[in-house]
Amino acid sequence: MFENEETRDMPKQKPEQPNENAIKNLINALNEDLAREYQAIIAYTVYSNVLSGAQWMKIADELKLHAAEELQHAMIIADQIDYLGGMPTATPKEVKLSDKAEDMLRFDLDNETATIRNYRERVQQAEALGHYALAEQLRHIIAQEQEHQHDLATALGIDVPKVLPQGA
Ligand SMILES: [Fe+2]
Ligand SMILES: [Fe+2]
């Protein structure tokens, strides 16, 4: 086709980027994950210091280790958001407080279960986009979140909750 007056002044078509929306969705979802990691850092820092009573000493020490691991997760997720061209959030999800040790451990347990469910989704999203290194890092994080979940359930004397309603 020859250029004429009409076509020459038309804006150039942007190249087709079918993954653009999917990448944006992944960045937004990773920022939700990052906000959950901040929540976990804060919760474990506070709870590990306010849990009192001989029966909670062991789990209080474990929560301090969890806090350090959650910080590593936050660093990895923030780095990946930056790599994908996004801006890492600076806002944590809300941290609930209670006077009761059982409540605090239950909040943590529920958050860990939600975190694992979300990271499993994120692995699928990352793989669908061909970001296999990210998927690998997420799998490593999931393994640690499962240990956290297990520690909390053990301290509460209950079974580890199912991540999915159908039992996986
Ligand atoms: Fe984490
Ligand atoms: Fe965790």
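Biologist: Where does Leu97 lie?

Modeller: First, this is a predicted model, where local features need pLDDT of at least 70, side-chain atom pairs count only at pLDDT 80 or more, and totals for chains, interfaces and linings use all residues. Residues are numbered from 1 along each chain as its sequence is written, chains are lettered from A and ligands numbered from 1 in the order in which they are written, and side-chain values use heavy atoms, with hydrogens and water left out. Helices here are DSSP runs of H or I with at least four residues, strands are E runs of at least two, and both are numbered from the N terminus. Leu97 sits in the loop between α3 (57–83) and α4 (101–128).

Biologist: Is Leu97 buried or exposed?

Modeller: Buried means under 20% relative accessible area, exposed over 50%, and partly exposed in between (1.4 Å probe, protein chains only). With a relative accessible area of 63%, Leu97 is exposed.

Biologist: What is the overall pattern along the sequence?

Modeller: The protein has five helices and zero strands. Of its 168 residues, 36% count as buried. Read along the sequence, the pattern is α-α-α-α-α.

Biologist: Glu70 is buried, so how far away is the nearest side chain of opposite charge?

Modeller: Glu70 lies in helix α3 and has no salt bridge, meaning a side-chain nitrogen of Lys or Arg within 4 Å of a carboxyl oxygen of Asp or Glu. For charge, Lys and Arg count as positive and Asp and Glu as negative, while His and the chain ends are not counted. The nearest opposite charge is Arg36, at 9.9 Å.

Biologist: Which residues coordinate the iron ion (ligand 2)?

Modeller: Donors are N, O and S atoms within 2.8 Å of the metal (3.2 Å for Na, K and Ca), and water is not among the atoms, so sites may look incomplete. The distances run from 2.0 to 2.4 Å. In sequence the donor residues are spaced E-x41-E-x32-E-x2-H, and they are Glu70, Glu112, Glu145 and His148.

Biologist: How far apart in sequence are the parts that Glu112 and His148 tie together?

Modeller: Both residues are buried. Glu112 lies in helix α4 and His148 in helix α5 (residues 132–156), so the parts they tie together are 36 residues apart.

Biologist: Which residue coordinates both iron ions?

Modeller: The iron ion (ligand 2) and the iron ion (ligand 1) are 3.9 Å apart. Coordinating both is Glu70.

Biologist: Which residues are linked with Asp33 in a network of salt bridges?

Modeller: Asp33 is buried, at 2% relative accessible area, and forms a salt bridge with Arg36, closest N and O atoms 3.0 Å apart. Asp33 also pairs with Arg122 at 2.7 Å; that pair links helix α2 to helix α4, 89 residues apart. Arg122 counts as buried too, at 3% relative accessibility. The network joins Asp33 with Arg36, Glu121 and Arg122.
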